[in-house]
Amino acid sequence: MNTQDNGSKAYLYGIVMVAVLGGLLFGYDTAVISGAEKGLQAFFLGAPDFVYTDVIHGITSSSALLGCIIGSALSGFLASTLGRKKSLIIAGVLFFLSALGSYEPEFFFFDYGKPSLSLLIAFNFYRILGGVGVGLASAICPMYIAEVAPSNIRGTLVSWNQFAIIFGQLVVYFVNFLILGEHTNPVIERIGETLYAVNPSSDPWTIQTGWRYMFGSEGFVAAAFTVLVCFVPESPRFLALIGKDSAALRVLTRINGSKAGAILQEIKSTVSVKSERLFSFGVMVIFVGVMLSVFQQAVGINAVLYYAPRIFDSMGMGNPMVQTVIMGIVNILFTLVAVFTVERLGRKPLLIWGSLGMAVGAFGVAISNIVEVAPLVPVISIMVYSAAFMFSWGPICWVLIAEIFPNTIRSAAVAVAVAFQWIFNFIVSSTFVPLYNMRAGDMGDSFGHVFVYALYGIICVVAAWFVWRLVPETKGKTLEDMTNLWRNRK
């Protein structure tokens, strides 16, 4: 390869791989709760000064998402003032502090191993801190990748960020499985409509120690990411936006070779007005970006990812951690489908077919709770539901959010869209356990199981219609093309 004429693919892939470590941490941080939540619940059920209810557990399991909302809302301001690179360094530091604090929330202020309401608040503070890091990384990592990548492979490279998210989830599923080892998750028994107690025969190690190791394991990856991101360049589009043309040209030349000058001129032609307001290109571009984020969460995928062991346990499928690891492998394989087809098939077809596939899986789980079937049927339905998400809404939503907005409003627009994503992630995740455990008439617990998956299935169908009618195809277009696309739609 002639690097001078064509740029260095090794350089491009190197900096993208560092950026996608942020995606890996995103997946790791949000999915670590899946293995730890039962031990965490059992630990705080032993608190003498308050009653740890279903609702409190749902909020605690999802508290990191509150930080994600904050982090994503701040991402636009930080990315446009400090830059993409410094914002990612801040995210890495927050990941690291959260891992240590979640491992030992008693640090300095409380007696080790003694649950209390104050300790619960401290634990949630550390989880929220990590969530701020996730919120920053979730918005800025795909934005950074999209801004350094050539247009002909941009979708593929941004999709690698989603692959890293799912790989991070698989890694933490496996890490949780290894940490648990020969120990067993505690047995939680219902003693009232919304009250639970720990069965005395439960493994005390899991209640006191296991969940700590699971949260603490993230610290190693967070430290590596924070160090490595110090060595990547700033986004050339951000450099051009703040008037550092020579620095932008150096980065573009290393990536694109002799075409760098023409690319810089095209970038400069769309960033000449730096003060454009969020709605300068009309309401529709913001509406589409926000609704992509809303649907990605409203279809319910993260309720499945966060509570996978609990769901498989309720299906009677042996060791739920093994099933969760298998689901993680399936997720990885189907994310690769998107990585290798997004530039050939386009964004819209993958989203539409994925929505319909998810609907089939969700309705399959709902029906399995009405009609008596083998336990394998709802498990396969869950796998279909998850796999369909992984080749569609998982990676493609991030691709579109990273590339659909014009240069001059991208930081602010991405921040708004991703903030809505985390708001709905929190709503779905915090309501899943209460909805899943709802009882009604003769159906008992099955009512909640049917209701929640039927609801997700209906939302999947609506999502397919939304994409078909309103989302533009962006395959093959440059980021600068987005300016004309949305100006013509105003």
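Mentor: This is a predicted model. Confidence is lowest in helix 1, residues 3–6, with a mean pLDDT of 58, and highest in helix 5, residues 84–103, at 95.

Trainee: What's the average pLDDT for the protein?

Mentor: The protein averages 84, and 91% of the residues score at least 70. Where pLDDT is low, the predicted coordinates should not be read in detail.

Trainee: OK, helix 5. Is Ala99 in there buried or exposed?

Mentor: Ala99, which sits in helix 5, is buried because its relative accessibility is 1%, and the cut-off for buried is under 20%.

Trainee: Which residues is Ala99 in contact with?

Mentor: Leaving aside neighbours within four places in sequence, Ala99 is in contact with Phe215, Gly216, Glu218 and Gly219.

Trainee: And how far apart are Ala99 and Val16 in space?

Mentor: They are 24 Å apart, C-alpha to C-alpha, and 83 residues apart in sequence.

Trainee: Switching to Thr226. Where is Thr226 found?

Mentor: Thr226 belongs to helix 9, residues 218–229. Its relative accessible area is 16%, so Thr226 counts as buried.

Trainee: What does the side chain of Thr226 reach?

Mentor: It reaches the backbone oxygen of Gly92 at 3.3 Å. A polar atom of the Thr226 side chain also lies 2.8 Å from the backbone oxygen of Ala222.

Trainee: Apart from neighbours within four places in sequence, what is Thr226 in contact with?

Mentor: With that exclusion, Thr226 is in contact with Ile89, Gly92 and Val93.

Trainee: Now helix 7. What should its 27 residues span?

Mentor: Helix 7 covers residues 154–180, and at 1.5 Å a residue it should span 39 Å. The end C-alpha atoms are 39 Å apart, so the two values agree.

Trainee: How many of the residues in helix 7 are buried?

Mentor: The count is 20 of 27, so to speak mostly covered.

Trainee: What follows helix 7?

Mentor: Gly181 does, and its phi is positive, near 50°.

Trainee: Last one. At what angle do the axes of helix 17 and helix 19 cross?

Mentor: Roughly 145°, and the axes come within 9 Å. Helix 17 is residues 347–368 and helix 19 is residues 393–403. The crossing is left-handed.

Trainee: Which residues make the contact?

Mentor: From helix 17, Arg347, Leu350, Leu351, Ser355 and Met358. Helix 19 supplies Trp393, Ile396, Cys397, Val399, Leu400 and Glu403.

How values were computed
Residues are numbered from 1 along each chain as its sequence is written. This is a predicted model: local features need pLDDT of at least 70, side-chain atom pairs count only at pLDDT 80 or more; totals for chains, interfaces and linings use all residues. Side-chain values use heavy atoms; hydrogens and water are left out. pLDDT is the predictor's confidence in each residue, from 0 to 100. Helices (H or I, at least four residues) and strands (E, at least two) are DSSP runs, numbered from the N terminus. The expected span of a helix is 1.5 Å times one less than its number of residues. Buried means under 20% relative accessible area, exposed over 50%, partly exposed in between (1.4 Å probe, protein chains only). A polar contact is a pair of N or O atoms within 3.5 Å; within protein, one must be able to donate a hydrogen and the other to accept it, and residues adjacent in sequence count only if both atoms are side-chain atoms. Contact means heavy atoms within 4.5 Å. Axes are lines fitted to C-alpha atoms, for helices over the stretch in contact, and angles run from 0 to 180 degrees between N-to-C directions. A crossing is left-handed if the near helix is turned anticlockwise from the far one by less than a right angle, and right-handed if clockwise.
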